[in-house]
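Q: Please take a close look at one part of this model: how its elements pack against each other. Keep it brisk, and spell out any cut-offs.

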Amino acid sequence: MLAGSSHTSSAHSDWLLVQRTLAGEMRAFELLVLKYQRRVERLIGRLVRDPGLVEDLAQETFIRAYRALARFRGESAFYTWLYRIAVNTAKRQLAELRRDPVLSMSSLESADEDETSGATRELMLQAIDDATPEALLASKEIAQAVNAAMEALPAELCQAITLREIDGLSYEAIARQLECPIGTVRSRIFRAREAISARIKPLLERQGGKRW
Amino acid sequence: MNPPQNLDAMPTPSADGRESLSALVDGECRPDELAVLLQAGPQRQALDAAWTSYLAVGAALRQSAGDEVRPPSTDFAAAVMARLATEALPGVGEVAEMPPQVRARAAANDESWRWKWVAGLAACAAVAAFGWQLLDQEVAAGPELAKSQPVTR
C-alpha cells in the first residue's frame with residue numbers, strides 16, 4: 001500500500017497542525033488552509049457550479065472547520081473530515097438560495113457519506129475533466145518542469161524523493177533501503193524538493209492567485 | 001537525460017526552517033521543530049512559498065486525482081485568517097481527543113489515572129479500617145453486655 005503510506009504521513013502532518021491550532025497557534029491552521037484550499041474549491045465548484053459562490057463557500061468551509069476543530073478526533077483523515085464540512089456547507093447554501101443544484105440531491109448525499117465512495121471519486125474525476133484549458137495547461141507545465149528537474153537531480157536525491165513521494169516510504173524505511181542514516185534521508189529529500197522547487201518557482205508564481 | 005548536478009551545488013539544509021517544513025510535509029517533523037517553525041516571523045512568506053511548492057512537487061510526482069498541482073492563493077488564506085481573527089472560537093485551547101491508537105498508548109502512562117487509582121485505594125483502605133474498628137468495638141462490648149444482662153428464670 002504505497003499511496004496509503006503517503007496518505008498516512010500526510011494525515012500525521014495534519015494531525016500535528018490540528019493540535020497546534022487547538023493550542024492556539026493560528027499559523028498552524030493557515031498551513032492547513034494553504035494545503036487544502038484548491039481541493040476544497042474544486043469540490044465546491046463541482047457541487048454548486050457558480051464561480052461567484054465557490055470562493056465564499058470555500059472560505060465558509062474553513063471557518064466552520066476551525067470552529068469545529070476540537071471535535072476532530074483524528075479517526076479519519078483531516079481532508080475526509082473537511083470534505084464533509086465542504087459538502088454540508090454547499091448543501092446548506094443551495095437550500096438557502098433555493099437554487100436547483102446542478103447535481104441531484106442523491107449525488108450530494110452520496111458525496112456526503114464518504115469521500116472514498118465510488119460516487120465521490122466519480123465527482124472528483126469529473127471535476128478534473130471540468131478544469132479550464134488554462135488550468136490543464138498550468139498543470140501540464142508544472143508536471144513537465146518537475147519531470148525535467150527530476151532528471152537533472154543527482155541519483156541520491158532522485159532515489160530519496162522517489163521513495164518518499166511515489167513509493168510513500170517513511171524516512172526510516174528509506175534509510176534502511178538506502179543504507180544511510182535517517183538524517184541523511186531527510187536532508188536528501190529536502191534538497192531534492194528545493195532543487196525541483198527552484199525549477200517550478202516561476203510557474204507557481206505565475207499561477208498563484210489566479211482562479212482555477 | 002541531463003548530467004547529474006554536483007551535490008555541492010545543490011541547496012544546503014537551511015537554518016530558516018525549510019528543512020523542518022519539508023519534514024512536516026512527510027509527517028516527520030519533531031514537535032520542537034514544529035513549534036519553532038510556527039513562530040517564524042520574518043521568513044513567513046518564504047515558508048508559505050516553500051510549503052505550497054513542496055506540496056505541488058509531491059502532487060506532480062504522484063499525478064493522483066485528489067492532489068492539486070496549482071498553488072493556492074495566499075489572498076484566500078489571508079481572508080480566512082482575517083475572519084477568524086475577529087471572533088471568539090469555541091474549542092481553541094482545549095485538548096483534543098487523540099486518535100484511538102495514540103490514546104491507548106497514552107492512557108497507560110496517564111498521570112491522572114495513577115492519581116485515580118491512589119484515591120480509590122485510599123478510599124478502600126479507609127472503609128476497611130472503619131469496618132475493622134466497628135467490629136473490634138462489638139467484640140469488646142460483647143462480654144460487658146453479657147455481664148450486665150439480668151438473669152431471668
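**Packing, up close**

A: Chain A has 10 helices and zero strands. Both terms are DSSP runs numbered from the N terminus: H or I over at least four residues for helices, E over at least two for strands. This is a predicted model, in which local features need pLDDT of at least 70, side-chain atom pairs count only at pLDDT 80 or more, and totals for chains, interfaces and linings use all residues. Residues are numbered from 1 along each chain as its sequence is written, while chains are lettered from A and ligands numbered from 1 in the order in which they are written.

Start with the chain as a whole. Of the 212 residues in chain A, 42% are buried. Buried means 20 or more other C-beta atoms within 10 Å of the residue's own, exposed means 12 or fewer, and partly exposed is in between, with C-beta atoms placed from the backbone. Take the chain A contacts with a separation of 6 or more: 64% of them join residues 24 or more positions apart. A contact needs C-beta atoms, placed from the backbone, within 7 Å.

Now the pair α3 (residues 51-67) and α4 (residues 78-97) of chain A. Their axes come within 9 Å and cross at roughly 125°. Axes are lines fitted to C-alpha atoms, for helices over the stretch in contact, and angles run from 0 to 180 degrees between N-to-C directions. That angle makes α3(A) oblique to α4(A). Under 35 degrees would be roughly parallel, over 145 roughly antiparallel, 65 to 115 roughly perpendicular, and the rest is oblique. The crossing of α3(A) and α4(A) is right-handed.

Which residues meet? From α3(A), Leu53(A), Leu57(A), Glu60(A), Thr61(A), Arg64(A) and Ala65(A) take part. Their partners in α4(A) are Leu82(A), Ile85(A), Ala86(A), Thr89(A), Ala90(A) and Gln93(A). By class, this contact has seven nonpolar, three polar and two charged residues. Nonpolar covers Ala, Val, Leu, Ile, Met, Phe, Trp, Tyr, Cys and Pro; charged covers Asp, Glu, Lys and Arg; the others, Gly among them, are polar.

Helix α4 of chain A also holds Lys91(A). Lys91(A) counts as partly exposed because it has 18 C-beta neighbours inside 10 Å. Lys91(A) and Val48(A) are 43 residues apart in sequence, yet 8.6 Å apart in space, C-alpha to C-alpha.

Ala56(B) touches residues of both chains, among them Ile142(A), Ile200(A) and Val69(B).

Last, a pair across the chains. Helix α10 (residues 182-207) of chain A and helix α1 (residues 18-25) of chain B pack at about 100°, with axes 9 Å apart. α10(A) and α1(B) are therefore roughly perpendicular. Arg186(A), Ile189(A), Phe190(A) and Arg193(A) face Glu19(B), Ser22(B) and Ala23(B) in this contact. α1(B) is mostly covered: eight of its eight residues are buried.

Conventions:
Two residues are in contact if their C-beta atoms, placed from the backbone, lie within 7 Å. A crossing is left-handed if the near helix is turned anticlockwise from the far one by less than a right angle, and right-handed if clockwise. Lists of a residue's contacts leave out its neighbours within four places in sequence.
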